[in-house]
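Subject: Structure for you to look at

Hello,

Here is the structure I said I would pass on. Please open it next to this message and follow along.

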Amino acid sequence: MPLQTVTIHRDVLHQAHLSADEFRRARAAEGTLVVQLMSSPGAGKTSLLEATARSWPGPFRAATLVGDIATDRDAQRLAPWMPAVQLTTGGACHLELPLVEQGFAALIDNSADHPLEFLFIENIGNLVCPAGHDLGEHLRVALLATTEGDDKPAKYPKAFRTSAALVITKTDLLPHVPFSPAAAAADARRIQPHLEVLEISALSGAGIDAWRELLLRRRADMLSHTSLSRHAAVNA
Amino acid sequence: MHERAIALAIVRQVDEIRRQHGGAVRRVRLTMGALSGVDPLLLLAALRDPAADAWGSGIEIDWKAAPLELECGACGARMSYDEPRFACGVCGGYDTRIVGGEVVILESVDLEADSTPSAATHLPPFTSCA
């Protein structure tokens, strides 16, 4: 029987990237900066969000979509601080865009605070699989706790290569652990030289101001970029 | 890693091609990039059952590895690595741009014309992880 070869030559996740770009653009048009937090389990993603909300001066127009394999513990922790929707995968070790879109729709249905200034997506604790999946974020942040070791970034190249910022967490434990923030930052920057590196302690509040400034600056950049694109489109 | 998620995406896309062009799937060709985050043998294993469910047994999956290709922002040099490395091999800087090897590419599909198409294609659920 004759064989027909159909040539495609395309990234298997091409459509997923297009959909993520659409989500990203839609949120930007609404003035919402989408921030994805990625880390190993227990590095402090939820704690960072709690600390951010706790210290925010004025109304915190933010919400979180939080992914886990099981339980809604993280959404429960965040609920006093901001609208939070739990995305429970039941098995998948990473979030994918369709689930994020469903969660976002649920958030908007239940929240009076739309449009948001910040949409946080807290991925499942995992530095491996999430790295390959675009969730429509504007800012991807990798967290690394001082308890994890400063030699870890090179072991997870895709996670750090695809991130724009590295937040070193649990700095309150530095006197007790053999962790060098400078070594960790250098290791991560050998993978992604453009990483902004912050050191924070959610417990003590150290570094949270700088984190808030990073968020505000990134949102301002996004807004000015969006309005430039609109201006260019109108004047084309 | 997440080979099963990638495998399901491949099966869905190949099946869409089968529906558009007609015929029966006989061979799928893939390129697996060094930084795609996928282990080739695990991806092949993850493809086995969904491909058989969709198109019957006997489908050939051909694959080749693609190195990580970088272009240096500082000196303009291009280089290839078989494992994740981001330093420029010429000037030693780290300001490199990835220009290849970051993804799994569906290269082509061989369809056998005028064959009885497989019975109603059974596609697995959208996402799961193993």
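The sulfur of Cys72(B) lies 3.7 Å from the closest cysteine sulfur, which belongs to Cys91(B), and that is too far for a bond. A disulfide needs two cysteine sulfur atoms within 2.5 Å. Cys72(B) is also buried, with a relative accessible area of 4%. This is a predicted model, so please read every value below as computed from it.

How many disulfides are there over all chains? By the 2.5 Å rule, the count comes to zero. Cys129(A) is one of the cysteines in no disulfide, and its nearest cysteine sulfur, in Cys93(A), is 3.1 Å away. Because 3.1 Å is not within 2.5 Å, the pair does not count as a disulfide. Cys129(A) is buried, at a relative accessible area of 4%.

Chain B

Chain B has 130 residues, and buried residues make up 45% of them. It holds two helices and six strands. Going along the sequence, the pattern of chain B is α-β-α-β-β-β-β-β.

Is Asp49(B) buried or exposed? Its relative accessible area is 54%, and Asp49(B) counts as exposed because the cut-off for that class is over 50%. Asp49(B) and Ala7(B) are 42 residues apart along the chain, and their C-alpha atoms are separated by 9.8 Å.

Strand β7 of chain A

Next, please look at strand β7 of chain A, which covers residues 165-169. The strand is mostly covered, and five of its five residues are buried. In a regular strand the side chains alternate between the two faces of the sheet. Which residues of β7(A) lie on each side? Ala165(A), Val167(A) and Thr169(A) are on one side, while Leu166(A) and Ile168(A) are on the other. Both faces are covered, since these residues are all buried, and buried means under 20% relative accessible area.

β7(A) pairs with two strands that you can trace in the model. Strand β6 of chain A (residues 139-145) runs parallel to β7(A), and five bridges join them. Within this pairing, Val141(A) has Ala165(A) as its bridge partner in β7(A). Strand β8 of chain A (residues 196-199) also pairs with β7(A) in the parallel sense, over four bridges. Here Leu166(A) stands opposite Val197(A) of β8(A). Between β7(A) and β8(A) the chain passes through helix α6 (residues 181-189) of chain A, and this β-α-β crossover is right-handed.

Three loop residues of chain A

Lys170(A) sits in the loop between β7 and α6 of chain A. Its phi is near 60 degrees, a positive value in a residue other than glycine. Lys170(A) is partly exposed, with a relative accessible area of 27%.

Thr71(A), in the loop between β3 and α3 of chain A, also has a positive phi, near 75 degrees, and is a residue other than glycine. At 40% relative accessibility, Thr71(A) counts as partly exposed.

His138(A) belongs to the loop between β5 (118-122) and β6 of chain A. His138(A) is partly exposed, at 26% relative accessibility. Which distance separates the C-alpha atoms of His138(A) and Asp21(A)? The answer is 9.5 Å, and the two residues are 117 residues apart along the chain.

The second largest pocket

The last item is a pocket. The second largest pocket has a volume of about 290 Å³. The elements that give two or more residues to its lining are α2 (45-55), β3 (62-68) and α3 (73-78) of chain A. Which element gives the most to this lining? That is α2(A), with four residues.

The lining of the second largest pocket has 23 residues in total. Nearest the centre of the pocket are Gly42(A), Ala43(A), Gly44(A), Lys45(A) and Ser47(A). Sorted by class, the lining has seven nonpolar, nine polar and seven charged residues.

Regards

Key. Residues numbered from 1 in each chain as written. Chains lettered and ligands numbered in written order. Predicted model: local features only at pLDDT ≥ 70, side-chain atom pairs only at ≥ 80, totals over all residues. Heavy atoms only, no water. Buried < 20%, exposed > 50% of the residue type's maximum accessible area, 1.4 Å probe, protein only. Pairing = 2+ DSSP bridges. Right-handed = clockwise from strand over helix to strand, strands pointing away. 1 Å grid on protein atoms, 1.4 Å probe; cavity = no way out; pocket = protein on both sides within 12 Å on 5 of 7 lines; lining within 4 Å. Points joined across faces, edges and corners; volume = space filled by probe spheres on them. Nonpolar A, V, L, I, M, F, W, Y, C, P; charged D, E, K, R; others polar.
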